[in-house]
Amino acid sequence: MSSTFKLGTIAGIRVGAHWSVLGILIILVIALGRNWPVLVPGYSAGAYVAAALVAALLFLASLLAHELAHAVVARREGVEVEDITLWLLGGLASLRSEARTPGADLRIAAAGPLTSVLAGALFGGLAWLLVTVDAPALVVMVAVYLAMLNVVLAAFNLVPAAPLDGGRILRAALWAWKGDRYRAAVWSARAGRGFGIALILLGVWQLLFVGTGGGLWWILIGLFVVSVAGAEERQAQLGDTLADVKVAEVMTADPDVTDASLSVHDFLHDVVLVRRHSAFPVVDAAGRVEGLVTLNRLRAVPAEERRTTSVRAIACPVADVPRAAPDTPLLDLLPGLRDAPDGRALVFDGERLAGIVTPTDVSRAVTLRGLVTGSGGGTLRPGVWGPAG
């Protein structure tokens with residue numbers, strides 16, 4: 001879920017919004033604009049629409065606060081935070097690594113619901129204050145609505161099923177109890193799949209027997225929960241499979257390198273067509289690694305410019321290529337490998353280039369380990385935290 005709009009940076013964390021977040025605004029404005037005239041009659045249509053819009057925007061701010069709580073606590077626990085994205089079903093805080101201890105996992109998980117409870121108390125106090133000063137009933141209703149919605153948000157998130165926060169809390173508890181993070185994650189994810197299926201069935205029942213549009217919303221949330229929970233189960237199983245694998249076990253050792261001063265034309269004909277690799281570390285005259293060049297970068301050079309363009313000019317700088325040592329756990333390298341410009345990582349033994357890790361190397365390791373252990377394959381992804389996922 002990538003951001004369509006960049007909203008800025010808060011507490012050093014990038015915040016964005018997917019275009020689907022407009023769906024929350026539209027749904028809330030329409031729903032509140034229809035219900036509030038019945039609950040607090042006597043205002044103009046414009047007043048109801050304005051109040052509904054303010055409530056919707058403040059609710060999005062509440063979602064953002066929920067996700068920021070996860071992200072800030074995660075960063076304090078040593079977990080790298082990628083960004084926060086608001087979207088149709090709430091918010092997602094993407095973490096590039098995982099908590100190291102059950103306690104850290106618990107604190108990160110509990111931060112979101114606790115923030116929502118505090119937000120609910122804040123809006124509840126505001127509603128009480130507005131009543132005491134005899135504020136307009138519509139204004140009081142906005143504060144009451146936000147107080148109730150934040151409490152409901154916290155309660156829903158505490159359901160013990162991944163990817164909800166309650167599922168993360170369940171995972172932390174099982175991890176502390178059994179001492180196996182991956183097994184705990186699998187159990188939490190399976191609880192999430194069951195909960196997601198229950199939401200889908202609830203939505204279908206509402207559509208068939210109640211006839212309300214809310215059934216579609218429950219089906220949509222249920223499908224999301226089932227999808228993410230299934231992905232998390234596969235990720236946990238894969239993590240269990242690769243838990244003790246070191247980078248040295250999967251890397252291509254002593255990779256072929258190429259001279260940075262070569263022209264793209266000469267490199268293509270004298271190196272690529274002969275050695276038939278898809279990526280080459282680029283070295284200078286002294287043998288120092290300057291970067292990495294791939295076939296995709298070669299394709300980007302027009303044919304008429306290949307004789308005058310050097311490999312150095314098109315290579316990915318070594319500072320932008322993930323780096324690991326041979327004894328680095330493979331799981332620690334995977335997030336950086338996923339985000340790498342060229343999807344490769346270089347392995348150094350001290351200052352000596354010892355190897356290269358490609359997606360093919362990782363896939364081979366997963367397949368071989370799966371054959372040995374009988375586990376399935378999968379794709380590792382960063383953690384995702386959010387009120388609806």
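Of the 389 residues of the protein, 48% count as buried, where buried means under 20% relative accessible area, exposed over 50%, and partly exposed in between (1.4 Å probe, protein chains only). This is a predicted model: local features need pLDDT of at least 70, side-chain atom pairs count only at pLDDT 80 or more, and totals for chains, interfaces and linings use all residues. Residues are numbered from 1 along each chain as its sequence is written, and side-chain values use heavy atoms, with hydrogens and water left out.

**Whole chain**

Show the C-alpha trace first. Along its principal axes the trace spans about 80 × 50 × 40 Å. Colour by secondary structure next. The protein has 13 helices and 13 strands; helices (H or I, at least four residues) and strands (E, at least two) are DSSP runs, numbered from the N terminus. Contacts here mean heavy atoms within 4.5 Å. Of the contacts in the protein with a separation of 6 or more, 66% come from residues 24 or more positions apart.

**Stop 1: H1 against H2**

Select residues 21-39, helix H1, and residues 45-76, helix H2. Their axes come within 8 Å and cross at roughly 135 degrees. Axes are lines fitted to C-alpha atoms, for helices over the stretch in contact, and angles run from 0 to 180 degrees between N-to-C directions. H1 and H2 are therefore oblique to each other. The angle classes are: under 35 degrees roughly parallel, over 145 roughly antiparallel, 65 to 115 roughly perpendicular, and the rest oblique. The crossing of H1 and H2 is right-handed. A crossing is right-handed if the near helix is turned clockwise from the far one by less than a right angle, and left-handed if anticlockwise.

Now show side chains. On the H1 side, pick out Val21, Ile24, Leu25, Leu28, Val29, Leu32, Gly33, Trp36 and Pro37. They meet H2 residues including Tyr48, Leu53, Phe59, Leu60 and Leu63. The residues of the contact of H1 with H2 divide into 18 nonpolar, one polar and no charged. Here Ala, Val, Leu, Ile, Met, Phe, Trp, Tyr, Cys and Pro count as nonpolar, Asp, Glu, Lys and Arg as charged, and the others, Gly among them, as polar.

**Stop 2: H1 against H4**

The crossing of H1 and H4 is right-handed. Leu28, Leu32, Trp36 and Leu39 of H1 make the contact with Leu138, Met141, Val142 and Tyr145 of H4. By class, the contact of H1 with H4 has eight nonpolar, no polar and no charged residues.

**Stop 3**

Move to residues 181-210, helix H6, and centre on Ser188. Ser188 is buried, with a relative accessible area of 2%. Hide its neighbours within four places in sequence; Ser188 is then in contact with Ala161, Ala162, Gly167, Arg168, Leu170 and Arg171.

Ala198 is also in H6. At 42% relative accessibility, Ala198 counts as partly exposed. Draw a C-alpha to C-alpha distance from Ala198 to Gly222: 7.4 Å in space, 24 residues apart in sequence.

Select residues 214-241, helix H7, and find Val228 there. Val228 counts as buried at 11% relative accessibility. From Val228 to Gly192 the C-alpha to C-alpha distance is 8.6 Å, across 36 residues in sequence.

**Stop 4: sheet E6-E7-E8-E9**

Switch to cartoon. Strands of a sheet pair through backbone hydrogen bonds, either parallel or antiparallel. Two strands pair if DSSP finds at least two bridges between them. Four strands form an open sheet in the order E6-E7-E8-E9, with mixed pairing. E6 (258-259) and E9 (316-317) stand at the edges, each with a single partner strand, so one side of each is left without a neighbour in the sheet.

Zoom in on E6 and E7 (residues 279-283), which pair in the parallel sense over two bridges. Thr258 has Val282 in E7 as its bridge partner.

**Stop 5: sheet E5-E12-E11-E10**

The last stop is another open sheet of four strands, in the order E5-E12-E11-E10, with mixed pairing. E5 (252-253) and E10 (323-324) stand at the edges, each with a single partner strand, so one side of each is left without a neighbour in the sheet. E10 and E11 (residues 345-349) pair in the parallel sense over two bridges. Finish on Ala324, which stands opposite Val347 in E11.
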